[in-house]
Amino acid sequence: MLIRPRRNRKSLAIRNLVEETKVTTDDLIFPLFLLEGQRQKIEVDSMPGIYRLSVDLMLKEIEECLTLGIKAFDIFPVVPEHYKDKTGTKSHDPKFFYLSALREIKERFPEAAIMTDVALDPYSSDGHDGIVEDGKILNDETLEILGKMALAQAETGIDIIGPSDMMDGRVGYIREVLDENGFEEVSIMSYSAKYASAFYGPFRDALDSAPKAGDKKTYQMNPANRREALIEGDLDVDEGADFLMIKPALAYLDVIKLFKDTYAQPIAAYNVSGEYSMLKAASQKGWLEYNKVMAETLLSIKRAGADIILTYHAKEFASL
Ligand code: PBG
């Protein structure tokens, strides 16, 4: 035999020399769930090890993560039911606890990259990402609110806006609103190929944001479709997105690879709540070794082509 592939596996030193993919803390964004008030910390039942935190405790959490090398955070608000309405008014009220917390976080840690989510669902009494009228999700009317929300978030000093709503035209609309108001430095990480996935279940528990009626299939993509993702990707590039995201990650590794091969923009993948919970549940039962399957999972997402991974594993990965 002239070619013996095992020669390149014979020792750790050689294996390390030929290793093609490495995940580091530089690649990760840690999603965090913000509660109103002070000294509040509530674990998410369906996401063991993940806590909803009030701003005082979130500042501590971010400080610890920074020490571990995690420098980017995606912050979502847990909005109490009495603040919700049809049009998500609280999403652009500068006095709302989410926006004041973002201001506090950015003031305290200017070096951290803070990302925010733009979509109506956490603030909506219908639990949908857009305005609902007669059971339909209105596209263009929703854009106006998304623009206000993005602007209110930009005003807090955050770094990256993440439109996760899947309304048509929202990246271009948000870019225009940001630029008109002097926020041309604020980036947009578009949820470009966001699928109507059942893997978001635990996240909706965490935020109590599940749709009150219907599903999200008229705006999120059909899991059966790959070519259609290119229509979304092309639009987002044309509309000025700085990063393109695929979501979820694990069941969509082929879409990650397609985007990596197609676009020059950095590619992000969202390793979503359900993907996290599966590994936690199996390891709690003693069926999987958590640390190993976690590392292998993140590696697979990076190997498929993701430059950036949004993941609930971030802090545990960094602690290893
Ligand atoms: C809001 C949003 C969702 C997630 C991120 N932003 C839920 C949804 O679209 O229903 C899911 C994240 C996760 O499951 O970890 N539009």
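**The ligand site and some local geometry**

The ligand sits in the largest cavity. Here a cavity is a set of points, on a 1 Å grid over the protein atoms alone, where a 1.4 Å probe fits but cannot get out, and a molecule counts as sitting in a cavity if more than half of its atoms lie within 2 Å of its grid points. The model is a predicted one, with local features needing pLDDT of at least 70 and side-chain atom pairs counting only at pLDDT 80 or more, while totals for chains, interfaces and linings use all residues. Residues are numbered from 1 along each chain as its sequence is written, and side-chain values use heavy atoms, with hydrogens and water left out.

Around the ligand there are 18 residues, taken as those with a heavy atom within 4 Å of it. Lys194, Arg204, Lys247, Ser273 and Tyr312 come closest. By type, the shell splits into eight nonpolar, three polar and seven charged residues; Ala, Val, Leu, Ile, Met, Phe, Trp, Tyr, Cys and Pro go down as nonpolar, Asp, Glu, Lys and Arg as charged, and the others, Gly among them, as polar.

Taken alone the ligand exposes 400 Å², and the protein buries 100% of that (Shrake-Rupley areas, 1.4 Å probe). Two or more shell residues come from each of β9 (187-194) and α6 (201-207), helices (H or I, at least four residues) and strands (E, at least two) being DSSP runs numbered from the N terminus.

Lys247 turns up again in the backbone: a cis peptide bond joins it to Pro248, with omega at about -10 degrees. Pro248 belongs to the loop between β10 (243-247) and α8 (253-262). Elsewhere, Asp134 has a positive phi of about 50 degrees despite not being a glycine; this residue is in the loop between β6 (131-133) and β7 (136-138).

As for aromatics, the structure holds twelve pairs (ring centres of Phe, Tyr and Trp, the last by its six-membered ring, within 6.5 Å; planes under 30 degrees apart are stacked, over 60 edge-to-face, the rest tilted). Tyr83 and Phe96 form an edge-to-face pair, because their ring centres are 5.1 Å apart and their planes at 85 degrees. Both Tyr83 and Phe96 lie in the loop between β4 (72-77) and α3 (97-108), so the pair ties together parts 13 residues apart in sequence.

Notes. 1 Å grid on protein atoms, 1.4 Å probe; cavity = no way out; pocket = protein on both sides within 12 Å on 5 of 7 lines; lining within 4 Å.
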